[in-house]
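Trainee: Please pick one part of this model and take me through it closely. How is it put together?
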Amino acid sequence: MNSEASSDSSIVGLGYVGLTLAMAFDDAGYSTVGYDIDGERIRELRDGHDPTGEFGDERIAESDVTFTDSPKDLADSRFVLVALPTPVDETQTPDLDNLEFASETIGRHISDGTTVVFESTLYPGATREVLRPALERGAGEQGGVDFSVGYSPERIVPGGGGPKLAEATKVVSAEDEATLVKLVALYESLAEGEVYAADTIETAEASKCLENTQRDVNIALVNEFTMACRQLDFELDPYEVLETAKTKWNFHDYEPGVVGGHCIPVDPHYLRHRFEESGYTPNLIRAARGVNREMRRYAFSLTLDALYSAKFEEAEQHPNLRTEGALPESVAGSRLLLLGFAYKPNVPDLRNSLLADIVSQLRELDLELLGWDPFYEEQSLPEKFDLDVQSEPDFTDVDAAVVLTPHDEIREFDLESMARRMADDPVLVDIGNAFDREKAAACGFTYRRL
C-alpha cells in the first residue's frame with residue numbers, strides 16, 4: 001500500500017461507502033488517501049484486512065490507497081469526498097454534529113483549489129446552510145482557503161442487491177458551474193454508468209431522501225395490508241393476494257418486511273424535518289414511518305402467536321391471545337433460537353436491525369433466548385443485544401426457531417433435520433421469509449411468516 005500522503009483525492013470516512021469510493025478511485029489510477037478517525041480501523045486496513053467484508057483482504061492489501069488517521073494528509077488533495085453517516089437522534093431529528101465537526105477539521109487542512117464533495121444523505125439545504133459554513137470556519141483557522149463545494153449522494157448497496165458503483169447512474173451537483181464541470185469529469189472517469197448533473201445541490205439532496213422515502217411508503221402499504229389481512233374473520237393470505245395483484249403489468253412488487261439499516265428508516269426523517277421546518281406537515285411520510293415501526297411489534301406478536309398455536313390448543317380460537325395477559329404454563333420457559341442478526345441478508349451490519357427490539361421484548365417474558373449468525377461469535381456481538389450466541393446453530397430441544405435475517409447459510413438449512421432435533425411441536429417463525437410454507441408444514445412445523 002502506498003505510503004505517500006500526496007494524492008489526487010481523499011476519502012473521509014471508511015465505512016461501506018467510503019471504502020468503496022476509495023477502491024473505485026484506486027482502480028481508476030488516482031493516488032488516494034483514505035482518512036478515518038478510527039485508529040483501529042486504519043490499522044486493520046494498513047494490515048490488509050477488510051473490516052467491511054465487501055472486498056476481501058487480498059484486494060485491500062494490494063491497493064495503493066494511503067490509509068491514515070491524520071487529517072494533515074488531506075492537505076494536497078484536489079478532491080475531498082466525505083462519506084460519513086448521518087443518523088437521527090432519539091427524537092428522530094437529523095443529527096449532523098459529527099459531519100459538521102468533520103467539516104471543520106477538513107477546512108483546517110485543505111489547500112487552495114480543493115473541491116469538497118459530500119456523499120452523505122442530507123436534507124435539502126444542509127450543504128449550503130450547515131456544512132459549507134463549517135468548512136469555512138475550519139479554513140478560517142488557517143487564514144482562509146479558496147475551495148469549492150459539491151454534493152453527490154451515494155448509491156452503494158452493502159452486500160450487493162443493486163448495481164455496482166461503476167455501473168449506477170451517479171448524481172452530481174455543485175455550487176457553481178465550474179465546479180460542476182469538474183465533478184462530472186471526475187465521476188465519469190470512475191463510472192461506466194451515466195453521470196447526471198442536477199440543477200442545484202438542493203435538488204440532489206432532496207432526490208436522495210425521496211428515493212428511500214418512496215420505498216418506505218411502498219413497503220408501509222404492503223405491511224399495513226398484511227397486518228390488516230390477519231385481523232379479518234375469514235382467511236385471506238396476503239402473499240396470495242400479492243401474487244395475484246402482480247399479474248397486472250404496472251403493479252409494484254413489494255413484500256412485507258421489517259425495515260432496517262441506515263437508509264430507509266432514516267432518510268424519510270431528513271425530508272420530514274426540512275418540510276416541517278418550513279411549516280408543512282408531510283402526513284404520508286409520517287404515517288409510513290409509523291406503520292413500518294409497528295411491523296417490529298407485529299413480528300414479536302407473531303412469534304408469540306406461533307408458540308401459543310403450537311403449545312396451547314385454545315389459541316386457534318383466540319387470534320388475539322398473543323397480546324393478552326401472561327404466558328400460559330405450556331409456553332413459559334420455551335427455548336427460542338434467533339437466526340440472523342443483521343438488518344439485511346449476507347452483511348454483518350446491525351444498524352436498525354430487528355434483533356435489539358425483539359430481544360428486549362422477549363426478555364420481558366419467561367423465555368430462554370439463544371442466537372446464531374454466521375458473522376458473529378459470542379465475543380463479537382455487542383453487549384447491548386444481551387443474547388447467548390452459539391458458535392454453530394444447535395436446534396436440540398429448541399421450541400421455536402425465529403428467522404430474523406435470511407442469510408444464505410440459513411436458507412440452506414435442512415428443515416427435516418431441524419424439526420427432528422427440536423422439541424415436540426416445533427415452531428418456525430420466518431420473519432425473513434426464507435422457507436417455503438408448504439414444505440415447513442410438511443416437516444411438522446407450526447409455521448408463521450410476516
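Mentor: Tyr-151 faces Ser-173 of β7. The model is predicted, with residues numbered from 1 along each chain. Local features need pLDDT of at least 70, side-chain atom pairs 80 or more, while totals for chains, interfaces and linings use all residues; side-chain values use heavy atoms, without hydrogens or water.

Strands β6 (148–151) and β7 (170–174) run antiparallel, paired over 2 bridges. Pairing takes at least two DSSP bridges; strands are E runs of at least two residues, helices H or I runs of at least four, numbered from the N terminus. The open, mixed sheet has 8 strands, ordered β3-β2-β1-β4-β5-β6-β7-β8. Neighbouring strands are turned by 25° on average, direction ignored (axes are lines fitted to C-alpha atoms, for helices over the stretch in contact; angles run from 0 to 180 degrees between N-to-C directions).

Helix α2 (39–46) touches β2 (32–35) and β3, contact being heavy atoms within 4.5 Å. The direction of α2 makes about 155° with that of β3. Helix α7 (201–229) touches β6 and β7, and its direction makes about 30° with that of β6.

Follow α7 onward. The largest nonpolar core has 39 residues (buried Ala, Val, Leu, Ile, Met, Phe, Trp, Tyr and Cys joined through side-chain atoms within 4.5 Å; buried is under 20% relative accessible area, 1.4 Å probe, protein chains only). Elements giving this core two or more residues include α7 and β9 (335–339). Helix α10 supplies the largest share, 12 residues.

Technical notes
Buried means under 20% relative accessible area, exposed over 50%, partly exposed in between (1.4 Å probe, protein chains only).
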